[in-house]
Amino acid sequence: MTNLKQVDAYLETHLQESLTELGDLCAQPSVAAQAWGMEETAQTVAQMLQKRGFAVEIKETGGFPVVLAERQGRGDKTLLFYNHYDVQPVEPLDLWDSPPFEPEQRDGKMYARGVSDDKGHFVSRLFAIDALLKQNEELPCNVKFILEGEEEIGSIHLPDFVKAHTEELAADACVWEFGGVDYRGVPMQYLGLRGICYVELSVETANSDVHSGLGGSIFPNAAWRLVWALNALKDEDERIRIPGFYDPIIPPTERDKELLAALPPVAEEYKERYGLDHFLKGLTGGLELRTAAVFEPTCTICGLTSGYQGKGSKTVLPAKASAKVDFRLVPEQTPSEVVQQLRAHLDAEGFSDVEIEFLGGGPAGRTDPDDPFVELVVDTAKEVYGIPMELDPMGGGSGPNHAFVHYLNLPVVTAGIGHPGSNAHAPNENIRLDLYLKGAQHIARILTAFGEE
Ligand SMILES: [Zn+2]
């Protein structure tokens with residue numbers, strides 16, 4: 001049996017050691033979008049697992065490699081951890097208070113690109129495993145890890161990889177890459193993720209930029225073409241105009257609404273945190289805002305590029321324009337269907353010159369809120385955080401959980417070290433050290449309860 005007091009004592013006394021290991025991993029850039037440091041980081045992650053007695057394989061995917069690891073435990077059950085070793089780009093660099101790849105601790109936090117998303121979650125899990133191995137030669141249950149290197153670029157190859165490796169990945173339950181507390185400090189359980197369909201739209205109207213005095217009246221302008229095409233995607237009332245887009249959607253169940261209604265209001269917190277003065281569609285708060293935030297699909301312009309954007313003026317007529325657009329999807333929308341519908345819509349609206357490049361995505365995935373593993377994770381959280389974990393039936397973000405739910409048939413739960421001010425994907429990404437410790441304590445308890453129940 002595991003003595004959790006001793007586990008906690010180990011975690012408390014070895015915290016800085018674990019943070020040093022996390023710092024070393026964060027110092028190693030692994031920006032998937034820029035193909036920067038990927039193979040090296042996969043190797044580093046593999047070594048970190050090997051050091052803990054895991055049998056590790058680095059598997060090719062057609063993109064960045066996947067790291068698979070496995071270690072037998074005392075019990076028969078197998079817990080699978082999903083993490084990723086890639087991070088988001090660091091730009092804009094001038095908004096960081098300390099360099100993104102030079103981890104720094106200050107004011108009870110640690111700052112670095114990837115320290116929260118997702119290296120901190122991964123290393124905190126290893127930390128929990130260290131504490132358990134300090135006490136017993138074997139872990140309470142079998143443990144597997146799958147770490148991918150493409151999460152931040154849409155997990156392009158992961159669903160097919162999971163589908164093709166169901167035996168290696170066979171498990172009884174899965175702990176997702178993230179988890180943590182909300183703005184009140186309450187640990188949250190996110191039971192679903194929206195899907196995503198990420199595309200780049202581009203248009204080219206000439207073989208080079210042209211003097212705007214020469215072409216302004218008579219040449220097509222790529223920037224205008226793109227703006228008009230984008231205008232055809234969504235109305236000002238936020239209704240997405242693509243025919244058939246809303247057809248496959250399954251609305252939230254009564255149980256979903258009951259869970260959403262039990263969650264605290266977020267409207268004022270969002271307004272303050274992000275400096276907003278209103279929400280879309282006349283939403284003011286309550287269950288309507290919560291439901292819309294996660295059970296409705298989106299069409300978001302993530303970035304626009306064309307022509308001259310430097311200092312002062314440059315009278316130029318752009319030959320090229322492009323936009324990155326993401327659609328967050330709800331059950332049962334699929335990215336392939338959305339791309340088809342988008343193509344048909346652009347053609348029908350007169351924009352067959354606008355090209356669509358699919359950059360990745362996957363459908364939404366959900367776990368039954370009443371699954372016994374959810375209960376185990378919720379119960380063990382209470383021991384660590386002192387307050388009950390609350391269930392959120394659907395998160396607004398996306399990830400490849402659909403593959404784990406559908407190909408591996410696993411309940412997928414969240415448990416981790418995150419907090420709302422972590423600035424994931426933004427400058428000054430950080431973790432709170434107190435939550436890092438709690439996250440490791442929770443993981444140690446999950447492993448123990450799962451193996452010994
Ligand atoms: Zn991320």
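## Domains

Domain bounds are taken from an automatic or database domain assignment. For this protein chain the assignment gives domain 1 (4-191 + 367-452) and domain 2 (195-249 + 297-362). The model is a predicted one, in which local features need pLDDT of at least 70 and side-chain atom pairs count only at pLDDT 80 or more, while totals for chains, interfaces and linings use all residues. Residues are numbered from 1 along each chain as its sequence is written.

The C-alpha centres of domain 1 and domain 2 are 35 Å apart. Nine residues of domain 1 are in contact with eight residues of domain 2, contact being counted where the C-beta atoms, placed from the backbone, lie within 7 Å. On the side of domain 1 that touches domain 2, the residues divide into four nonpolar, five polar and no charged; here Ala, Val, Leu, Ile, Met, Phe, Trp, Tyr, Cys and Pro count as nonpolar, Asp, Glu, Lys and Arg as charged, and the others, Gly among them, as polar.

## Helix α4

Helices (H or I, at least four residues) and strands (E, at least two) are DSSP runs, numbered from the N terminus. Helix α4 (residues 119-135) has 17 residues and should span 24 Å at 1.5 Å a residue, which agrees with the 25 Å between its end C-alpha atoms; the expected span is 1.5 Å times one less than the number of residues.

## A three-stranded sheet

Three strands form an open antiparallel sheet in the order β4-β5-β20, where two strands pair if DSSP finds at least two bridges between them. The edge strands, β4 (104-106) and β20 (430-432), each pair on one side only. Between β4 and β5 (residues 109-111) the antiparallel pairing runs over three bridges, and Gln 105 stands opposite Met 110 in β5.

Technical notes: Contact = placed C-beta atoms within 7 Å.
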